[in-house]
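Dear colleague,

I am handing over the structure below, and after it you will find a short account of what came out of the analysis. Please read the account with the coordinates open beside it.

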Amino acid sequence: MRDYDLVRNILITTSLSTAPLELCDFLNLAEPQEIKEELTRLKDEGLLNSTFTFDAFISHGKVQGLTKEGTCFLRDIKDEKIWMLVKKTLKAASLDISYPILKEICEVVIKKYVMSKIPKEIE
């Protein structure tokens, strides 16, 4: 199953960098193979600007930054409270979810969270 914390951590690490990142810049996040798979997936899903290609044992390329879509998605999941709610939902579902559905889930969680904060006087 997809490591959603790794997804979030790759996006955060990328957003904090002012220079292109190499594979070694992500090695503190997970095992190299997991990172390679997630970098490829995030690129394919349109969240990372990346030139990474992976041979059997060697990686080539760099992550230049987040795409516009990646920046918007990170904004949605950067808040720790929201992330914990999203993660709880994903854990309960126990599925490997692709980005478009992941984005929808985050939007629903955010909407429900914000709606729950509406003062009683307004209702």
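What percentage of the residues in the protein is buried? Buried residues make up 33% of the 123 residues, where buried means under 20% relative accessible area, exposed over 50% and partly exposed in between, with a 1.4 Å probe and protein chains only.

Before the details, a word on the basis: this is a predicted model, in which local features need pLDDT of at least 70 and side-chain atom pairs count only at pLDDT 80 or more, while totals for chains, interfaces and linings use all residues. Residues are numbered from 1 along each chain as its sequence is written, and side-chain values use heavy atoms, with hydrogens and water left out.

The protein has five helices and four strands, arranged along the sequence as α-α-β-β-β-β-α-α-α; helices (H or I, at least four residues) and strands (E, at least two) are DSSP runs numbered from the N terminus. Its C-alpha atoms fill a box of roughly 60 × 30 × 25 Å along the principal axes. Of the contacts (heavy atoms within 4.5 Å) with a separation of 6 or more, 55% are accounted for by residues 24 or more positions apart.

As for the surface, the protein exposes about 7600 Å², of which carbon and sulfur atoms supply 57%, the areas coming from the Shrake-Rupley method with a 1.4 Å probe.

The structure holds one aromatic pair, a term that covers rings of Phe, Tyr and Trp (its six-membered ring) with centres within 6.5 Å, counted as stacked when the planes are under 30 degrees apart, edge-to-face when over 60 and tilted for the rest. Because F73 lies in helix α3 (residues 68–77) and Y99 in helix α5 (residues 99–115), the pair ties together parts that are 26 residues apart in sequence. F73 is buried, with a relative accessible area of 1%, and Y99 is buried as well, with 5%.

The other residue I would point out is S17, found in the loop between α1 (4–16) and α2 (32–44). At 26% relative accessibility, S17 counts as partly exposed, and its side chain reaches the backbone oxygen of A19 at 2.6 Å, a polar contact being a pair of N or O atoms within 3.5 Å, in which, within protein, one must be able to donate a hydrogen and the other to accept it, and residues adjacent in sequence count only if both atoms are side-chain atoms. The C-alpha atoms of S17 and V63, 46 residues apart along the chain, are separated by 9.9 Å.
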